[in-house]
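Here are my notes on the structure you sent over.

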Amino acid sequence: MLSVTGTSRKLDPEAIAMINACYQCGRCSGGCPVVREMDYSPRALLRHLQLGRWDQVLFSKTIWLCAGCYACAVGCPRGVDLTWLMSRLRQVAMACGLENLPVKFYQTFVSTIVQDGLLSEPIFLVNYARVAGWQVLAGQLESGWEMFLRGKIPLRPVRLNNGGAFRRALTSLLQQEQATGQPSGGDL
Amino acid sequence: MGQPRTGVYVCGCQGEISKRIDLHQLAATMAKKKGVALCREHESLCSLQGLQLIEDDLRSGEIDRVVILACSPRRHEETFKAILRKAGISEYLLETSNLREQCAWVHEEAKQAYKKAAILAQMSLARSRWLEPLEPLRFTATRRVLVVGGGIAGLSASLDLAEAGVEVVLVEREAFLGGRAAQLYRYFPRLCPPGCGIDYILQKIRSNSKIELTTLTEVKSLSGGPGNFEVTLLQKPRYVMPDRCTACGNCAPLCPADRKDHFDFGLSQTKAIYLPKGFPHPQSYVIDPDRCLGQECSLCRQACPVQAIDLEESPRERTIKVGSIIVATGWDPFDARLVEQFGYQQYPDVINNMEFERLVSPSGPTGGKLVRLSNGQPVKRIAFIQCVGSRDKNHLPYCSKVCCTVTLKQIKYVREFAPEAQIFVFYMDMRATGEYEEMYRLAQEESQALFIRGIPSRVIEDINSHDLILQAEDTLSGQMVKIGADMVVLATGMTPNQEFRQLGERVGLPLEMGAFASGHLQCFPFESRRAGIYAAGTSQEPMDASSAIKSAAGAAMKALVSLPEEIVIRPTVPVLDKTKCDKCKRCMEECPFGAWGWDDAGYPSPNLLQCRQCGICQGGCPMKVIALKHSTVKQTASMVEAFDPSFLGEREPTILAFLCYNDAYPAVDAACEKGLTYPANLVAIRVPCAGSLNVALVADALAGGADGIIVAGCASDQCHFVRGSDLAKTRLQNMQETLQRMMLEAQRVKWLTLNITDTEGFVRTINDFVAELRRLGPNPFKG
């Protein structure tokens, strides 16, 4: 159940200042390479944020489609770092309990790395399919086959040598983050 | 002069003061003090009767200076000063004590109010002993104005001044007049050709003998102040003698060298010898020395039928004296190369709005035909992008004001030259103010331009056809749109002329907020940071031609005011005692107005005509050798000395406050208006600016036993003298060491920012401070 009460308080003053600064010129949308796939353009999403329409924002496709290319932020005349804002909104969405496919993808990605010390595609796909449903593999068949033919997919799973030490280090970092509530080592 | 003979006058203010304070007793006490020749009580000193009393006493010779114990000096100081002048005495031999707004009206307890009144009177008497009979200072003025810049604002200001009977020296850097307006095809509101307006002004200027006009001339250096500036002008060589040249044009076809014509922003070329476009003045050819091949070539000289060419001409310098200066150096278009995404100067068909003006002008690169620069084909689809460089945190933070209306005007051009063309305008807001709104309506209704509210992120070019593609979100419908265009016009904003900016910094005329003087400020319109130098037109801020002409009239008016026959300034100027000066230069560095120079012996010397009499120099001088007349360190020290820190009794803490005259003192005066009262523990001394207070006086006050000290001034960005508050704050902070050595708590000295409306804040601070001082206990130096 997605809970949006008190969500706006989750945004830091810097983010709030940026949201207020936007004067809706639309340059961000003009440069966005994936705008046509989005339900709300980057500009429209920021408008919904200004009006406090959190249900539109957190349930949108927009925040998950953002490719992080920075075309929007570079041109913004009001200095809004929209790319960073998008990543904050994803964090807020997850903190509110949102569980869509992209969320499951991210979570599986991270847990695979924590487990094995690196990302091996076959292992990752299997882990992902387990939480997302085996139908996600169907969409990967064609490109997966091509990759396999080119030797990009090792049949034997690759694991890190001292996986245990890495796992312990990463786990303790993540626990620290949980405890202090502060992200460690920059935004993901 | 002998011993001072002071007349002390105690005013009851029709009962307003006498109701709270026993004035009989006060008068009796004052009459016995040393140096007091007489002491009178009156119910209303500001009445005709009261004033006559003072005047008679002055004329009788019994007294030679006046101390008035009455209402706030802000109320009647000028009234009393006038009486002194009437009696033939220097108005600076007057001292006023504020027994009403800062005593009777704000202290409820009568005994305490009396004690405070007595202390105030004592302090005023002490100061009065150090007053000097100052007279206004007079200087002869040069009744001539220098106008820098021969564009529409400079031309207009020159004419306005000349018609007011003032001599004008007008200098223009280029070989032609008319500036940027001359580069336009049409200008609004009437969409007439600028040539008409400029020609009209030029005819009048040529027939006005009061205007001396030279082109190819720049300002090399300037010094001095209002009424007596000295300016060195540099006239660059033309290499053609204008009184011989008939502009026959025989020379140019033979010239082997060419140059980019910057009148057309480099879109066209001329030979190295050329007749400037616009309004060449004089009507003569000019040689560009950077491109000319020189003596070895000389083809032009051989071709010239009247031997007008002089390849050996050298630059000429001359120095003139003027009374004031108007800077009308104009603007440059924002460099759109900085917004790389739009492809300016990468794609040939992306141009800025000034280049567009040249494109449609008959004297321009295409002879006035609206064709593509890439292939010469007629323009069928044209797109304008607004706000390029303006309103942008990454470039110009301000709005350049004119670009929206310029685009609306240029849409009309498109209809005139390409009636069938499709026109698109990508905008954020359309700012067409006043009657220009009609241009907006016409652009939509008649010219049928399509306005898309959304700025493209970038412009893309097809390498072969040079066709341009723009993609943007039409925010009004929420849909993405993609437009193909033959030409993209970037509505670029205005920046101040770059070359003059460098000179500006050399002469202490820095740019603020992107211009020499922001024109819309209410307090100092047209004034730059340097007294006597005014800004007109777009060197002030972005504006259209009609506003530039109006602003020129305003600047001319202000420049006129700096030109009396004689300059009379108030004598409250800083004076340096060279015997103790160690030439540390702090006064020169801290002065916000650059008013300190050197004298022949290497001592700092104030330029009195540039000085704004704030006293920041006095406040900072570590040797205390600078005296700001009528607010000298000695005079203030005498008040500090006369202050008895135990005036309310042994147990009561007392606070000495130094209040700046601009905001802090009025804020405290306003307490009575707001019905507020505060403890009588506070005694105030007014100073011209918080920065004029030398912190040695704070140390003196503490050594004398004052329990607490307050220094109050305007907010940092509102100080009338730019830095006074900031410097006062810093100096107080630097006092920490001194306080430690004196074994005094740092909390005893407070800086207070007081806005003129901050009375409530002030009252709260005083109450808190008194409580704090009670907790801290008395100053160990007391008693």
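1. Which residue of E17(B) does Glu230(B) stand opposite? Bear in mind that we are looking at a predicted model. The residue facing Glu230(B) in E17(B) is Lys321(B). As for the strands themselves, E11 (residues 228–235) of chain B and E17(B) run antiparallel, and 7 bridges join them.

2. Now the sheet around that pair. It is an open one of 3 strands, ordered E10-E11-E17 in chain B, with antiparallel pairing. E10 (217–225) and E17 (316–322) of chain B sit at the edges with a single partner strand each, so each has one side without a neighbour in the sheet. From one strand to the next, the twist averages 20 degrees.

3. A quick overview of chain B. Of the 783 residues in chain B, 58% are buried. Taking contacts in chain B with a separation of 6 or more, 73% are between residues 24 or more positions apart.

4. Have a look at E35 (residues 655–660) of chain B. How many of its residues are buried? The answer is 6 of 6. Side chains in a regular strand alternate between the two faces of the sheet. In E35(B), both faces are covered: Ile655(B), Ala657(B) and Leu659(B) are buried on one side, and Leu656(B), Phe658(B) and Cys660(B) are buried on the other.

5. E35(B) has parallel pairings to two strands that you can check on screen. With E36 (residues 682–687) of chain B, E35(B) pairs in the parallel sense over 6 bridges, and Ala657(B) has Ala684(B) of E36(B) as its bridge partner. With E37 (residues 708–713) of chain B, the pairing is parallel over 5 bridges, and here Ile655(B) stands opposite Gly708(B). On the way from strand to strand, E35(B), helix H17 (residues 664–669) of chain B and E36(B) make a right-handed β-α-β unit.

6. Next, helices H16 (residues 633–642) and H18 (residues 696–703) of chain B. Their axes come within 10 Å and cross at roughly 20 degrees, which makes H16(B) roughly parallel to H18(B) because the angle is under 35 degrees. H16(B) brings Val633(B), Thr636(B), Ala637(B) and Val640(B) to the contact, while H18(B) brings Leu697(B), Asp700(B) and Ala701(B). The crossing of H16(B) and H18(B) is right-handed.

7. Is their crossing left-handed or right-handed? H9(B) and H10(B) cross in the left-handed sense. Their axes are 11 Å apart and the packing angle is about 25 degrees, so H9(B) and H10(B) are roughly parallel. On the H9(B) side the contact is made by Asn353(B), Phe356(B), Glu357(B) and Val360(B). Residues on the H10(B) side include Cys403(B), Val406(B), Tyr413(B) and Phe417(B).

8. Why does Ile68(B) count as buried? Its relative accessibility is 0%, and the cut-off for buried is under 20%. Leaving aside neighbours within four places in sequence, Ile68(B) is in contact with several residues, among them Tyr9(B), Leu45(B), Ile54(B), Phe80(B) and Leu94(B). Gly7(B) lies 61 residues away from Ile68(B) in sequence, with 8.3 Å between the two C-alpha atoms.

Note on methods. Residues numbered from 1 in each chain as written. Chains lettered and ligands numbered in written order. Predicted model: local features only at pLDDT ≥ 70, side-chain atom pairs only at ≥ 80, totals over all residues. Heavy atoms only, no water. Buried < 20%, exposed > 50% of the residue type's maximum accessible area, 1.4 Å probe, protein only. Helix = DSSP H or I, 4+ residues; strand = E, 2+ residues; numbered from the N terminus. Pairing = 2+ DSSP bridges. Right-handed = clockwise from strand over helix to strand, strands pointing away. Axes fitted to C-alpha atoms, helices over the stretch in contact; angles between N-to-C directions. Parallel < 35°, antiparallel > 145°, perpendicular 65-115°, else oblique. Left-handed = near helix turned anticlockwise from the far one by under 90°. Contact = heavy atoms within 4.5 Å.
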